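Here's a quick walk through how the inside of this protein is put together. Have a look at the structure first, then read on.

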Amino acid sequence: MDIEKARKLIRESANLCVLTGAGISAESGLSTFRDSGGLWNNYHVEQVATPEAFRKDPRLVWRFYNERRKNASKAEPNPAHIALAEIEAGKNMVILTQNVDGLHQRAGSKNVVELHGSLWKLRCTECSGICRDMPVEVPILPYCVKCKELLRPDIVWFGEPLQPDSIRKAEEASGNCDLFMVIGTSARVYPAAALPLIPARRGVPVIEINKEPTQLSEITAVSFIGKAGEILPKLLRD
Ligand code: OAD
């Protein structure tokens, strides 16, 4: 049975690498991007999530991110985040997340690589200094205390590369793991979507948990179709 197989793989794994996407935070009440009613159904990516959009209308972009900061600050980690933190307590594990909400860390996970940045960090457009010290609702517009230039969300936007340090850690973890799990991502955004191929090519098993099949489903050893908050806790206990 799939559940038994997945439990055994997790129990016996010494180096676990987990890739997560917006679906893992859906049961915390946060919108995903591409599901019906998702963020990209209600906003145009090119108006709120590109460097050009920020240059053109930083107020609009900041209003979008303030809304997301408010929602994320009210959200609580759900049983899927908590299950991952529990698994991490017993083994060498890295979470590569595309999420910017900070819910893995709030659930207690320590080894988290935020591939697409963080809602809770602002970056100076001039000196690149990072500012974490802002109210949930950022004043529009926010400025750097050092150089007085505009602060932007420290988020990787469309058309921008990932931070070299994040991609290095992600490739290292994907290359060294003995089990890879991919949870709640449509696997449509690269380079994150290609990370599960690194272990799969070495014959390392990949477990997928998602509400619907994805293009990754065909390379997985086990594929669970359902809610992460219901399935993940079951994989922890016999
Ligand atoms: P998507 O919205 O593209 O995909 C979310 C996936 O989660 C879908 O396949 C859903 O079926 C699945 N899902 C929804 N609820 C679920 C649940 N309760 N349990 C399990 N699965 C569930 O989100 P991402 O793949 O994370 O980038 O999107 C990747 C990137 O695209 C994001 O990081 C963001 C976006 O543009 C940036 O903003 C840079």
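The largest nonpolar core has 29 residues, and Trp40, Ala49, Trp62, Tyr65 and Trp157 have the most contacts inside it. A nonpolar core here is a set of buried Ala, Val, Leu, Ile, Met, Phe, Trp, Tyr and Cys residues joined through side-chain atoms within 4.5 Å, with buried meaning under 20% relative accessible area (1.4 Å probe, protein chains only).

This is a predicted model, where local features need pLDDT of at least 70, side-chain atom pairs count only at pLDDT 80 or more, and totals for chains, interfaces and linings use all residues. Residues are numbered from 1 along each chain as its sequence is written, and side-chain values use heavy atoms, leaving out hydrogens and water.

Helices (H or I, at least four residues) and strands (E, at least two) are DSSP runs, numbered from the N terminus. H5 gives the largest share of the core, five residues. Tyr65 touches (heavy atoms within 4.5 Å) Val48, Ala49, Leu119, Pro153, Ile155 and Trp157, leaving aside residues up to four places away in sequence.

There's also a second, separate core of 24 residues, with Ala6, Ala80, Ile231 and Leu235 among them.

Now for a helix pair. In H6 (residues 79–89), Pro79, Ala80, Ala83, Leu84, Glu86 and Ile87 meet Ala228, Gly229, Leu232, Pro233 and Leu236 in H10.

Key
Buried < 20%, exposed > 50% of the residue type's maximum accessible area, 1.4 Å probe, protein only.
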